[in-house]
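Let us walk through this model step by step.

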Amino acid sequence: MGSYLSKRVSYILIILAAASVMIFCLYAMTPGDFISSNIKLSAERKAELREIYGLNKPVLERYWTWLTHALQGDLGYSLAQQKPVLSLFNDYIWNSFLLAAVSTFFTWLIAVIVGVIAAYRQYSWFDTVVMIVIFAAMSIPSFFIGLFLIKVFAVDLHWLPPGGIITTGSNATGWAHIKEVIAHMALPVTVMTLLGTGSLTRYFRSNMIDVIQQDYIRTARAKGAKEGRVLFGHALRNAMLPAITLVGFELPALFGGSLIIEKIFNWPGIGQLYIQSFGQRDYPLLMGFTMLIAILTVLGTLLSDVLYRIADPRVKL
Amino acid sequence: MSSVSKANPNAQSTKPIVKSSIWRQSLRLLLKNKLALTGLFIVIVMFLACFIGPMFSPYADNRTNMTIMNKAPNLKHWLGTDKLGRDVLTRVLLAGRISLTVGLASMVLSVTLGTLLGALSGYFRGIVDQVIMRVADLLMTVPSLPLLFIFGALLSDWKVPPENRMYIVMLILSLVSWPGMARMIRGQMLSLREREFMQATTVLGLNNRRKLFHHLLPNLIPLIIVIATLNIGGAILSESVLSFFGLGVTAPTPTWGNMIDAANNLIDFQERPWLWIPPGFSIFITVIAINIFGDGLRDVLDPKQKR
């Protein structure tokens, strides 16, 4: 395990280094920079500013500067917001995390319950309905369902606010503030839960079907355990085990925000910050965000593999 | 899966033992799967509507007509008209041509690329495997949405004419999606190449090309067909996201994604839902039908992966 981990970590570092070169070059190739989008500046002033920000240097030299700073934990300054990238991330990432954590919680809760019941009543009408809903959930274009729900629940029915995290100009505090945030979260959380539930329910359903056919389930029934206990005590515990690997894959989604959902619902998260910065070609921020997701992705995969090993010692790493 | 495969266990037990090809057997099983057939039927109707439908429309020439701007759905224009007085139904169908073509073509590209690279990687192993899989790892590490954003922005900078953008969008989508496919094929290849029939091909003195294309890959065709079908839905969804953000196929070429872009205009969004709801539902219905059909195919062609 020790040598596996050190091998794995060194490979991760190489891949991340290669990824950072690739992303940096791609961003450098992207047309325009932060300064060219400002039409108020004169040509001389633009050249002067490019000099100050180091935008006129060769790509590789700029990459090297970025890398040496990044390795010391300094992701640079956002050009558009004039703040360190890391402190901007800190400002926005928790909003993303709030949205992602709540919807992940509901996704898992619904997927486990529905998956267990559908597996228990395999081929029943309930199961059929669940399967169709799962297909529907997996086929919805996320941005469209978001817009559609805003149209129905915010514009037409006025039940919920259309977007943002608090009502514009509101300075509610305490309980009123929490209620306001919950109202704003309702729609994005619904969409994210809907999008995630499909495949996860399917996963739990098929795991449960496997487990229910095992001999120890028959034994549990034979010794007279109540059906609820057999299902949730014996079967679910074993069906949950492989799901432990999925925890790692949730990592980028939890902290990386959701570009599409945050844009549609105007949620002040890190994904929204990215889209805004992309328009302004705010390279330090774009670079920082993309690398953050890349790091979370590889860490998540590593975490899954290790957790799988812990859950099932027969697996050799 | 489940509801879909309800008939399958019985079918298997009652089926007479006849000498028939796997394809004929599969077809027979598939014809018993009502849900999958419904999916296939919807997909076919959608294709026919998009490719033939506009020919019967009196508004197919994309003519603008300022006297009938922004009309709500009525008897002459079933889904209303847009801000240039064009018929929305006709535009949805024309957009479907592009969206379906892009979905299909980028699936074909990514599946071909993924299969080929995965097969080479799993067959030759060693340095070939190392190179291909490291590139795949790299592409899988870099988050795909930012990557698509960058490519989209580059596309605008290169001044690609709008009518050619769709071809580049296909390329971009397949570039991002081949690594997953390659990994899967590689895994299958690694186990297949150790089987006895491969020893036989070695004894027969067949060359690599023969072994790879005549003896190994044909074993994977059922799997490839299933993945390919399920990938079309994903490709259509990705294209719609790109086009919605203005980074894929852009106006005046309509696609389902860029038609929904109308929702970015507050008045169109609130007052003229007929501009953006029909293309959204078109995407939804098409993708769900493809997924249901693909799942039925999986039950038939790849029973190991059942459920």
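H8(A) and H9(A) cross in a right-handed way. A crossing counts as right-handed if the near helix is turned clockwise from the far one by less than a right angle, and left-handed if anticlockwise. H8 spans residues 215-222 of chain A, and H9 spans residues 227-240 of chain A. They pack at an angle of about 145°, with their axes 10 Å apart. Axes are lines fitted to C-alpha atoms over the stretch in contact, and angles run from 0 to 180 degrees between N-to-C directions. Helices are DSSP runs (H or I, at least four residues), numbered from the N terminus.

This is a predicted model: local features need pLDDT of at least 70, side-chain atom pairs count only at pLDDT 80 or more, and totals for chains, interfaces and linings use all residues. Residues are numbered from 1 along each chain as its sequence is written, while chains are lettered from A and ligands numbered from 1 in the order in which they are written.

Which residues in H8(A) meet H9(A)? They are Tyr216(A), Ile217(A), Ala220(A) and Arg221(A). Their partners in H9(A) are Val230(A), His234(A) and Ala235(A). Residues are in contact if their C-beta atoms, placed from the backbone, lie within 7 Å.

Now the chains. Their contact takes 36 residues from chain B and 37 residues from chain A. On the side of chain B, H13(B) gives the largest share, 8 residues.

How confident is the predictor? The complex has an ipTM of 0.83 and a pTM of 0.84. Chain B has a mean pLDDT of 82; pLDDT is the predictor's confidence in each residue, from 0 to 100. Over residues 1-13 of chain B, the pLDDT is below 50. Where pLDDT is low, the predicted coordinates should not be read in detail.

Note on methods. Helix = DSSP H or I, 4+ residues; strand = E, 2+ residues; numbered from the N terminus. Contact = placed C-beta atoms within 7 Å.
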